[in-house]
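Please open the structure in your viewer and keep the selection tool at hand. The stops below say what to select next and what is there.

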Amino acid sequence: MSFLHHPAFQSLVLPLALAVLACLLLRLAGPRWASLGAALGLVIALAIWPGFDWPARSRVQMLPWVTLVGTVLAALATELHAPGTRALGRVRGRVSTLLLTLAALALAAWAAVGGSLLLAQLAAMLGSVAGVLVLVSWRSASITPAALLPLWLHGIGIALCLAGLPAAAPEGAGGSDADDPYYAPRWK
């Protein structure tokens, strides 16, 4: 297995690097655009892995699409100066991004314990880009509620997928009920 196909790279390093790069590039367009970098980094990371499947046959395949639509709506709202595009301020921005990061890490733990490695990786992707937003909020007061929308939608989608997972089979029952219904690794 190559480094690029390793689950830790796909769920932690790649989204983190893309979100940092997107935040830095969007900073050139203005401070209110910089907070959209995390959502853009997440969308690009989702395009690389697991990809945009159409038609989406499961709830997990809908997650990248929901995140993409949320990011487009947030960018449109930012461009039109719609309500929710005013900066939260330093303290509320830090608290909001820290809560999002903690929620993403809790979702990753829930998914890992609940038996879905794919959902755990998707939640870890959310946690890594939310960590970038924590750093952005620490540096400036430019975090907007509109920029947090795609990330919260992604997290809510993961929680709904986790809630819909079938219950695991009792110990010793055998069978494939204990397998992750979403995870189909592509080992190379």
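Begin by selecting Arg 94, which, once its neighbours within four places in sequence are set aside, is in contact (heavy atoms within 4.5 Å) with Ser 137 and Trp 138. Arg 94 lies in helix α5, where helices are DSSP runs of H or I with at least four residues, numbered from the N terminus. Although Arg 94 and Ser 137 are 43 residues apart along the chain, their C-alpha atoms are separated by 5.4 Å. Arg 94 has a relative accessibility of 22% and counts as partly exposed, a class between buried (under 20% relative accessible area) and exposed (over 50%), with a 1.4 Å probe and protein chains only.

Before going on, bear in mind that this is a predicted model, in which local features need pLDDT of at least 70 and side-chain atom pairs count only at pLDDT 80 or more, while totals for chains, interfaces and linings use all residues. Residues are numbered from 1 along each chain as its sequence is written, and side-chain values use heavy atoms, with hydrogens and water left out.

Next, select Leu 119, Leu 122 and Leu 151, the residues with the most contacts inside the largest nonpolar core, which has 38 residues. Such a core is a set of buried Ala, Val, Leu, Ile, Met, Phe, Trp, Tyr and Cys residues joined through side-chain atoms within 4.5 Å. Helices α1, α3, α4, α5, α6 (117–139) and α7 each supply at least two residues of this core, and α6 gives the most, with 12 residues. If you stay on Leu 151 and leave aside its neighbours within four places in sequence, you will find it in contact with Ala 38, Ala 39, Leu 42, Leu 100, Leu 126, Val 129 and Leu 133. A second, separate core of 5 residues includes Trp 33, Leu 36, Ala 146 and Ala 147.

From there, show α3 together with helix α7 (residues 145–163), which pack at an angle of about 40° with their axes 8 Å apart. That angle makes α3 oblique to α7; angles under 35 degrees count as roughly parallel, over 145 as roughly antiparallel, 65 to 115 as roughly perpendicular and the rest as oblique. Axes are lines fitted to C-alpha atoms over the stretch in contact, and angles run from 0 to 180 degrees between N-to-C directions. Here Ala 38, Ala 39, Leu 42 and Leu 46 of α3 meet Ala 147, Pro 150, Leu 151 and His 154 of α7.

Then move to the loop between α3 and α4 (59–79), where Pro 50 lies. The peptide bond from Trp 49 to Pro 50 is cis, with omega near 5°. Pro 55 lies in the loop between α3 and α4 too, and a cis peptide bond, with omega about 0°, joins Trp 54 to Pro 55.

With a relative accessible area of 56%, His 81 is exposed.
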